[in-house]
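Please keep the sequence and the model in view while reading.

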Amino acid sequence: MSAAGMTRMFLREIFGRTRQPRGPTPSAALGSNGVLAAMEDGGEVDGRTAAGYLYHSARISQVLIGRRRCVDVGCGNGMQLLQVAALNPAVHFTGVDPSPRMLEAAAARAAALDLRNVDFEVKGFDDLLAAGRGPWDAAISTMTLHDLPDLPALERALQALSVAAGPNGALYVEDFARLKSPLSVEFFVDLDAPSVADRFSALYRCSLLSAFTVDELRDAVARRLPQARLYHTFLVPFLTITKTGDGPLPAPLRQRLAAMRAALPPTQRRALDDLRRFFLLGGLGKDPFR
C-alpha cells in the first residue's frame, strides 16, 4: 500500500471532526442476489481478500480450542466458515443465513472441498434469538453486522450470539467500523482492486459505508456481550474484533497456519502482516502466526 496514501488516510481519520452518515446496507442497496454475485466475483478465499480470511481463520481457531459445536451466523456463501472448518476438523459447524441461495452456494463449496463437519440452516439472528439456547458451545459471525438495518437490530444480533453460544460459550465477531471520510473508504476499496472496478468493489464500498461506528459497536457489546472484549485496528478503527479468550493452538495447527501464510502471494503476505501489526498495536496479543 502507498505510504503517502496511508499517511493521508490516518490524518483524515485521526483529526477529522465529523463522521459521514451511515449508508444503505448491502442487502438494501444490491439485493441478496447482487451481494452473492459480488462475493463470487471477487471475494474468493484465495483472492484479493485472502489475507483477511486467513487472519480471522487463525484467530477464530484460537477461540475454538476445546469447543465441539459452533454456529456461524450470517455465513453467506461460506468462504470464511469453510476455511475455519477445514482447519478445525474436530469441531462441527452449522452455518446459518437467511438467504437460501447463499446457503446453496456454501453447501456446493463444502461438497467440492469434501468437508464433512459442516451443515447449513436457513435462519437469521432473530430466528436464533427466538429459538433460545441451541446445541452449540461457540458462536461466530464475520462481516455480517454492517448489513443489519439499525441499532436495535445490532443489539438483538449480539444477544442472539450470546444465547446461541451459551453462558460459557466462545465468541468471535468481526466487522468493519465506519470511517469518518468518504476518501478513506475509497482508499481501502482501491487497495489490491483490479484496474476495472468489479462488483466486489461495489460491495466492499457499500459495506464500509453501512458499518456502525466503533462507539456504537462498543456500547452494544458492553450491553449484550459483557463476557467478550472489543478490539480494533490501531489509531483508526477500520476493523473490529469482539472475542472471548484464546486457547493454545496445537503445534500441527500452528505449523499449518505458518505454511498457509508462506504460500500467500507477497502482496497478500504483507497485507496479513499489516493486519497482525495493527491489531497487535490495538491491544490484541497472542498472535497465532508467531
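## Strands 5 and 7

Strand 5 (residues 170-176) and strand 7 (residues 239-243) run antiparallel and are joined by five bridges, where strands are DSSP runs (E, at least two residues) numbered from the N terminus. Asp175 has Thr240 of strand 7 as its bridge partner. This is a predicted model, in which local features need pLDDT of at least 70 and side-chain atom pairs count only at pLDDT 80 or more, while totals for chains, interfaces and linings use all residues. Residues are numbered from 1 along each chain as its sequence is written, and side-chain values use heavy atoms, with hydrogens and water left out.

## The sheet and a helix

The open sheet has seven strands in the order 3-2-1-4-5-7-6, with mixed pairing; two strands pair if DSSP finds at least two bridges between them. Strand 3 (118-122) and strand 6 (229-232) are the edge strands, each pairing on one side only.

Helix 5 (residues 100-112) lies across strand 2 (92-97) and strand 3, and runs at about 170 degrees to strand 3. Helices are DSSP runs (H or I, at least four residues), and angles run from 0 to 180 degrees between N-to-C directions of axes fitted to C-alpha atoms, for helices over the stretch in contact, with contact meaning heavy atoms within 4.5 Å.

## The lining of the largest cavity

Strand 5, helix 10 (214-224) and strand 7 each supply at least two residues of the lining of the largest cavity, and strand 5 gives the most, with three. A cavity is a set of points on a 1 Å grid over the protein atoms alone where a 1.4 Å probe fits but cannot get out, and lining residues have an atom within 4 Å of a point. Among the lining residues are Asp175 and Thr240.

Methods
1 Å grid on protein atoms, 1.4 Å probe; cavity = no way out; pocket = protein on both sides within 12 Å on 5 of 7 lines; lining within 4 Å.
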